[in-house]
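Open the model in your viewer and keep the selection panel at hand. The tour goes stop by stop.

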Amino acid sequence: MGNRTVDTRIQIGNVIFHSPVMVASGTFGYGFEYQDVVDVSQLGAVITKSITQEPRAGNHPPRIVETAAGMLNSIGLANIGLQRFVEEMLPRYDNYPTRIIVNIAGSTPEEYLTVLEALAPYPQIAAFEMNFSCPNVKEGGICFGVDAKLSFNLTQALRNITSKPLIIKLTPNITSPVEVALAVQEAGADAVSMINTLVGMAVDIHTWKPRLGNVTGGLSGPAIKPIALAQIWQVYQEVSIPIIGMGGISSVHDAIEFFLVGASAVQIGTANFVHPPTAMEITSGLTRYMQEKGLASLQDIIGKLKVEA
Amino acid sequence: MPYYQLTCPIIRKTHLTSGTVSLWFRGPQIAHAARPGQFVMLRVRNEVHPLLRRAFSISRCNPEEDAFEIMVQAAGTGSRILLEQEEGEMLDVLGPLGSSFQPVEGIQTALLVGGGIGIAPLFFLAQTLEVDYHILFGGRSHSQLFALPEFEPQMRFCTEDGSLGQKGLVTDLLQKTLQEISGKAAVFACGPNQMLAAVARVAEKAGIPCQVSMEAPMACGVGVCMGCPVPDVKGGYRYVCKDGPVFPAEMIHFKQLVNG
């Protein structure tokens, strides 16, 4: 079994990715920042920072706090905005060594639609991930991600704009993610990605102040992995579209757990900060694992968790 | 400027004060490429806690032995683990990162102003300067301060409690030094934000250029996480890891930075 070839390709919507290992939005910049130490051609895709209609300066500092086996962030979707993204980044993606998935965020449904309409025609973009779940942005007042009806309506409107893969990034800050996952599937989403960060907090006992300028932030890193696995397993049993799993993955061991509970692909987030080549190493580690286990394709492990009846 | 991810052995460890060590690492690409003011992101151990890398200014380079130095002061979990590391241990280092101190044309004297462990990058700058310089090193008390033999003749000390050198703040020492020197000068400073704000004011009043090296919590060090903003005088933010850590002082909105 040693040298048999394994098929690590994965299809999402009408696009095939050569590897199921991607790097998560907000943890890999616009795809260029880590190229000194990461061979991005080995990644299934790079997911950009969230792009919003207008540039965003981001939240008041401090924006980062380390916690036990994790980190809290309250970046506030700091990004260069749609116009500069089109002018400065898109041309640089012409010969980019792997697929680019653009993550889109907004404060209103119209903002998502405007940004998607503007970006949909560009051939440099393979797919779109819709951030329905940023925990750090207050204005607008609506968190689409917790409301199945709003999520359905927005996904349907987005679906009408593009035939490229549409991935909806779900929030974990909800009693059960299943209802929203089913709603976006019904509305035509090609995949869901989960989990985004969990709302969390840290407090300075000397100053009695919150340790983030925004008071609360999003928790990521190894600390959230068990929650991610449980939510993906829940959704996998109800939903038929692919799930792109993330939440604390930092090794191939972690990634395989995600495939077993039902993820068709994975995203590496916080681990990029700690060890930039993590996603690359997971890609090769996954191939080795499949060879050793005699698995021909990813379909042989996705959702194959053995649960006693 | 490219950066590297290297596994670097600690080749020398010396105590600078009771709670501060100098760690020299062998890391050829970093030692040869680094410029004064740049920093490294160091993984204190390969486990999930503490999770994130720690940022350290490069405090000296010795290209002949492919080595660079950082100075670590006991602060939190990460620095305490680092203080316990011994020669021969290997650490994962990303660098050199960020901007560097820029030469200022036509000056006769460089004034290097350091507060506490903020002194570190100024030694590297002193190594490369081709003009006369003074290193002004301020701290709360003598137990925080130290001298390096190669720079000692140029070092001046001050402490808030008067236990070493002039009593008072490093800005007092800066003002005194400015009165003593003749010819054009420039200030290069690193330390706590309050101190940098005060140093920038002194330099501005004296009409001399000032560059500051800043610190902020950061996760990545390479312009990805957007976790390390400092307010820009023109509005919005600059990022310590990729726009800095060294900034022209006039670029930073110190009032907003210090008052929150």
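Start at the contact between the chains: chain A gives 27 residues and chain B gives 24 residues. Two residues are in contact if their C-beta atoms, placed from the backbone, lie within 7 Å. This is a predicted model, where local features need pLDDT of at least 70 and side-chain atom pairs count only at pLDDT 80 or more, while totals for chains, interfaces and linings use all residues. Residues are numbered from 1 along each chain as its sequence is written, with chains lettered from A and ligands numbered from 1 in the order in which they are written.

Stay on the chain A side. Select strand S5 (64–67), strand S6 (70–73) and helix H7 (271–274) of chain A; each supplies at least two residues of the side that touches chain B. Helices (H or I, at least four residues) and strands (E, at least two) are DSSP runs, numbered from the N terminus. By class, this side of chain A has 17 nonpolar, six polar and four charged residues. Ala, Val, Leu, Ile, Met, Phe, Trp, Tyr, Cys and Pro count as nonpolar, Asp, Glu, Lys and Arg as charged, and the others, Gly among them, as polar.

Next, the sheet of chain A. It is open, with four strands in the order S5-S6-S14-S11 and antiparallel pairing. Strands pair if DSSP finds at least two bridges between them. S5 and strand S11 (198–201) of chain A are the edge strands, each pairing on one side only. Select S11(A) with strand S14 (residues 216–220) of chain A: four bridges link them in the antiparallel sense. A:Gly200 has A:Gly217 of S14(A) as its bridge partner.

Now select helix H6 (residues 252–260) and helix H8 (residues 278–293) of chain A. They pack at about 65°, with axes 9 Å apart. Axes are lines fitted to C-alpha atoms, for helices over the stretch in contact, and angles run from 0 to 180 degrees between N-to-C directions. H6(A) and H8(A) are therefore roughly perpendicular (65 to 115 degrees). Show A:Val252, A:Ala255 and A:Ile256 of H6(A) against A:Ile282, A:Gly285, A:Leu286 and A:Tyr289 of H8(A), which make the contact.

Last stop: chain B. Strand S1 (residues 4–17) and S2(B) pair antiparallel over six bridges. A hairpin of two residues joins S1(B) to S2(B). B:Ile10 stands opposite B:Phe25 in S2(B). On to strand S6 (residues 67–73) of chain B: seven bridges join S2(B) to S6(B), running antiparallel. There, B:Trp24 stands opposite B:Glu69.

Definitions and conventions: Angles under 35 degrees count as roughly parallel, over 145 as roughly antiparallel, 65 to 115 as roughly perpendicular and the rest as oblique.
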